[in-house]
Amino acid sequence: MIGNQLLHGGDYNPEQWLEHPEILEEDIAWMKQAGINCVTLGVFSWSMLEPEEGVYDFGWLEERINQLYENGIRVVLATPSGAMPHWMTAKYPEVMQVQADGKRNLPGRRHNFCYTSPVYRTKVREMDLELSKRFGRHKAVLLWHISNELGGNFSDGACYCEQCQQAFRGWLKQKYKTLDALNHAWWNRFWSHVYTDWGQVHAPAPHGEGVVHGLNLDWRRFVSDQMADFCQAEAEALRTYATLPVTTNFMEFFKPLDYHRLHKCLDVVSWDNYPDWHKNRDEVPVAVRSAAGHSLMRSLKKQPFLLMESTPSSVNWRPQNPLKRPGMHMLSSMQAIAHGSDSVQYFQWRKGRGGFEKFHGAVIDHKNGAGTRTFRDVMQVGDRLPAIEPWVKDTQNRPKAAFIFDWENWWALEDAAGPNHELDYVEEVLRHYQAFWEQGIDVDFISMEERLDGYALVCAPYNYLYRAGYADRVRAFVQNGGCYVTTCFSGVVDDTDLCFTGHHPLEDVLGVIPEEEDVPGDGFANSFVFDGVSYPVGRLREICHVKAPAKPLAVYSQDFYAGCPVVVQNRYGAGVSYYLAADTGIEFLRSFYSGVWKKTGLCNPFGLRLPYGVTTAVRNGKQDVVFAMNFSHDPAYLDGIGNWQDVDTMELYEGAVQLDGLSCKILIKQP
């Protein structure tokens, strides 16, 4: 844990209220009442920290840090690089991003900086060094927070200026060495796209090249590497005068940046979670995605993470912005802790009077101070966190199942230009993950570069691209006793997005020979029978053949490929693989994975089938801590669970427990 405690707090912007000292005094009193022990300062504060070039004004910040610390409140101190002051963009327009169409942005908004610009990097370094020197050893400061939601705001997180184009060409030279190697990797003889000079290479653009898949893939890799390099430069500057840990706030399944690359320059992963609760009465799909986001962040470093931002009430930027219904704030906060967070933090502490986020939810509203339902909800979380802290301290989620979630596969799959242009990689992964979530089986989300040993089960839905060495790692995993599940349209291309020829890279492990993909119209329904139940198939259907000793567990029922396998099982070495040759619905996945879990020994801590809306997560330690969560609005009754103790109330449950609607119980096993 950071500071040996569960953090409870959020973004605080006292610079917006410097003319109102009475409000600043109210803030500290109400923070103490709400159980706030940490706030984030300095996000987007550049114009107040350096009002003119080379003139720093840290007095207001130091005064506030001191006041907070005197009242028992620690600080996460941010660098202000997420938004530039107008004096900078006026004097140095090259620091602003250029969009893919070649047009340079006007001043304003946020995340509008070119991460390659030497001028901007110099200005950021100067600011970071001053912050590090002034506050790096301050007892109040727990960790550094680099910038904010890197890559956000504009369409793809990228800058297309000439400096970035030159850097991209240098990146390509380092990777490929020669133009011949690049031309082969990108298959550039197609459409006569062979490059004869490095200067001819340009990033993908709407008015230029955009259908060379190798170019698109490498550009995305470059953007992630360049942003990681920018982040690393900030981290190095901050560490000049202090050894505080460094973080930045990620954004769930954020396509533009590969978090498997970016996390390496951080000591702690944190993220901003804004689920779309109450979109309808069935909260499960949203709960599934939120849980997956938490697990993804935890998986990046295989250690506890921080929930850096959440809303205590509502957001302001969706078409409809419902308030959290009673119980949801506590439940969603505990969901974060359950999946490995060591904090519950908010955007924002107090609503501003103006600007785009003046109606974004906050602990303190424009009116009524602490006399609101939202404040009471936050205060309840503030009361609960210290009570459960001794139980979750030194614990960590250690799932025995993993999902391959790889940004490079995501980029390549959705850029594939066939056979199904509607494929949504995240939604496909989440559909498989939902079956696990519904039965309280936690997972890690890992890239293709990570080790597979230590897991009993690895699932790789729509694993279209195979990175170098991945097939060998899967082969060894299954050979040594692991269970591997993958789907159609997997193992199609290598990591330069060139199609494999001859045979599937894991043909021996999977026991299948894929032949064709079919994406027929609505009039061509098809189905298959699995364990005596008929299930429909979706739009993408693969025609494949079984290779001995593999055996089909289900076959298509209709069309000219009736009898071709849909579900294939293959024994390989000491392990087993499963291949799902068609797009399937959640009903089948529930049935299919229930059998896989039995064979791999995976189950929830209660060892029973959970009712819809109820799930569990476990933080493992000397004493495992189980979070039983009910995302249904109705009560749920769990019978046959054994003996458990509630860590909040110390109440004993012998064999059964009731979960109220939208609630979470935190339990430890009893003899």
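A residue is taken as buried under 20% relative accessible area, as exposed over 50%, and as partly exposed in between. By this criterion, in the predicted model described here, Glu414 is partly exposed, because its relative accessible area is 30%. Lys255 likewise counts as partly exposed, with a relative accessible area of 22%.

The side chains of these two residues, Lys255 and Glu414, form a salt bridge with an N to O distance of 2.7 Å. Across the whole structure, 40 salt bridges were found.

A further salt bridge is made by the side chains of Asp365 and Lys351, at 3.1 Å from N to O. Both Asp365 and Lys351 are located in the loop between β9 (343-346) and α12 (373-392), and the pair therefore ties together parts that lie 14 residues apart in sequence. The two partners fall into separate accessibility classes: Asp365 is partly exposed at 29% relative accessibility, while Lys351, at 13%, is buried.

Asp508 and Arg475 also meet through their side chains in a salt bridge, with 3.0 Å between N and O. Here two helices supply the partners, Asp508 coming from α16 (residues 507-510) and Arg475 from α15 (residues 470-479); the pair links distant parts of the chain, 33 residues apart. Asp508 is partly exposed, its relative accessibility being 31%. Salt bridges with shared partners additionally connect Lys175, Asp218, Arg221, Asp225, Asp258, Arg261, Asp406, Glu408, Glu449 and Arg467 in one network.

Attention was then given to strand β21. This strand spans residues 614-619, and six of its six residues are buried, so β21 is largely enclosed by the rest of the structure. Burial applies to both faces of the strand: Val614, Thr616 and Val618 point one way, Thr615, Ala617 and Arg619 point the other way, and all are buried. Strand β21 runs antiparallel to strand β22 (residues 625-630), to which six bridges join it. Within this pairing, Arg619 has Val625 of β22 as its bridge partner.

Methods
Residues numbered from 1 in each chain as written. Predicted model: local features only at pLDDT ≥ 70, side-chain atom pairs only at ≥ 80, totals over all residues. Heavy atoms only, no water. Buried < 20%, exposed > 50% of the residue type's maximum accessible area, 1.4 Å probe, protein only. Helix = DSSP H or I, 4+ residues; strand = E, 2+ residues; numbered from the N terminus. Pairing = 2+ DSSP bridges. Salt bridge = Lys/Arg side-chain N within 4 Å of Asp/Glu carboxyl O.
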